[in-house]
Amino acid sequence: MTTVPATGLVVGKSGQLARSMAACEWDGFDIVCLGRDELDLARPEDIPSRLEAHRPALVVNAGAYTAVDKAETDAASAFAVNRDGPAALAEACARAGIPLIHVSTDYVFDGSKKGAYREDDAVSPLGVYGASKLAGEEAVRAAGPRHMILRTSWVYSPYGTNFVKTMLRLAETRDEVSVVCDQFGCPSYAPDIADAIGALATRLLSGEEIYGTFHMAGRDATTWHDFAAGIFAEAGKRGVRVPSLKAIPTSDYPTPAKRPMNSRLDCAKLEAATGLRLPGWESGIGRCLDALLPERVEGGVS
């Protein structure tokens, strides 16, 4: 007898993580990704009917308002998407008895801690984006216990807009690139996150009670400057023109929204509960560049 795969509903379609999940194969699941035209987090009143239409066995919320600087002057939109939408989604999942995996961020912390942040450390976001994501976490927790909140950081991939693609773009036209050297974090490759979420989804579907708040980020911490150096080193091996790299302090690169100086996330809780741990960012860089520069790899440049 053939087993019919369950539906894993992913909220989000164009973002880095959603696109990475769309490219995955999850054991026991058919993955369905819904864009804003199909499920808009800014229209929470429509969410219950959208879930009813698809009858998923599990929902992953990979949708979010992620324009960190714009959020400072557009708080209403940030909170609508990052708080009100997840609240309605979590309530609908709770009523239907559906597990929810909700993706959050390191920006719920202020970055003042010396070491890596644990899940039970005090939250204190610095800006509107972080505050809206924290409010979304709180709404998910309030809706019911059958949820996983996964905080990640410094996400990059072959898709969308991210630091790796920005560095490659700047390398095309600049002889020198300045990058801040005093912010620390754990770069996380979106396909690795997607694979790990798929493994968690399969385990939740089988009845494992893995619920709560967890950190899921790349294994190794670094600075933006050293991350850029790693990108250029790998890009150079693939024949990309590589500029010189200048280290600058955050004070020399002002932005509308203040960023945490320390975004390192301690992922020991997730590893202890599930055995899952994301690879280091250096592993992801090579795979990301292979996807972004396939003609250079196939042509024997790398």
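**Arg55 and beyond**

Guide: Arg55 is exposed, its relative accessible area being 61%, where exposed means over 50%, buried under 20% and partly exposed anything in between, with a 1.4 Å probe and protein chains only. Please keep in mind that this is a predicted model, in which local features need pLDDT of at least 70 and side-chain atom pairs count only at pLDDT 80 or more, whereas totals for chains, interfaces and linings use all residues. Residues are numbered from 1 along each chain as its sequence is written, and side-chain values use heavy atoms, with hydrogens and water left out.

Visitor: OK, where is Arg55 in the fold, and what is its phi?

Guide: Arg55 sits in the loop between helix 2 (47-54) and strand 3 (58-61); helices (H or I, at least four residues) and strands (E, at least two) are DSSP runs, numbered from the N terminus. The phi of Arg55 is near 45 degrees, which is a positive value in a residue other than glycine.

Visitor: And which residue does Arg55 form a salt bridge with?

Guide: The partner is Glu52, and the closest N and O atoms of the pair are 2.4 Å apart; a salt bridge here is a side-chain nitrogen of Lys or Arg within 4 Å of a carboxyl oxygen of Asp or Glu. Glu52 itself is partly exposed, at a relative accessible area of 44%.

Visitor: How many salt bridges are there in the whole structure?

Guide: A search of the whole structure finds 17. One of them joins the side chains of Arg43 and Asp46, at 2.7 Å from N to O, with Arg43 partly exposed at 40% relative accessibility and Asp46 partly exposed at 29%.

Visitor: What about Glu137, buried or exposed?

Guide: Glu137 counts as buried, at 0% relative accessibility, and it forms a salt bridge with Arg141, the closest N and O atoms being 2.8 Å apart. Arg141 is partly exposed, with a relative accessible area of 32%. The two residues lie 4 apart in helix 4 (residues 128-143), so about one helical turn separates Arg141 from Glu137.

Visitor: Switching topic, what does Ser104 contact beyond its sequence neighbours?

Guide: Leaving aside neighbours within four places in sequence, Ser104 is in contact (heavy atoms within 4.5 Å) with Lys133, Glu137, Ile149, Leu150, Arg151 and Thr152. Ser104 belongs to strand 4 (residues 100-105) and is buried, at 4% relative accessibility. Although Ser104 and Leu150 are 46 residues apart along the chain, their C-alpha atoms are separated by 5.7 Å.

Visitor: Now helix 5: which of its residues are buried?

Guide: In helix 5 (residues 163-173) the buried residues are Phe163, Val164, Met167, Leu168, Leu170 and Ala171. Viewed down the helix axis, they fall within an arc of 165 degrees and so line one face of helix 5, the arc being that of the directions from the helix axis to the C-beta atoms. On the other side of helix 5, Glu172 and Thr173 are exposed.

Visitor: What do those buried residues of helix 5 pack against?

Guide: They pack against strand 6 (155-156), strand 7 (176-180), helix 7 (224-237) and helix 9 (281-292).

Visitor: Last one: where is Trp154, and is it buried or exposed?

Guide: Trp154 lies in the loop between strand 5 (147-152) and strand 6, and at 9% relative accessibility Trp154 counts as buried. Trp154 has a positive phi of about 45 degrees although it is not a glycine.
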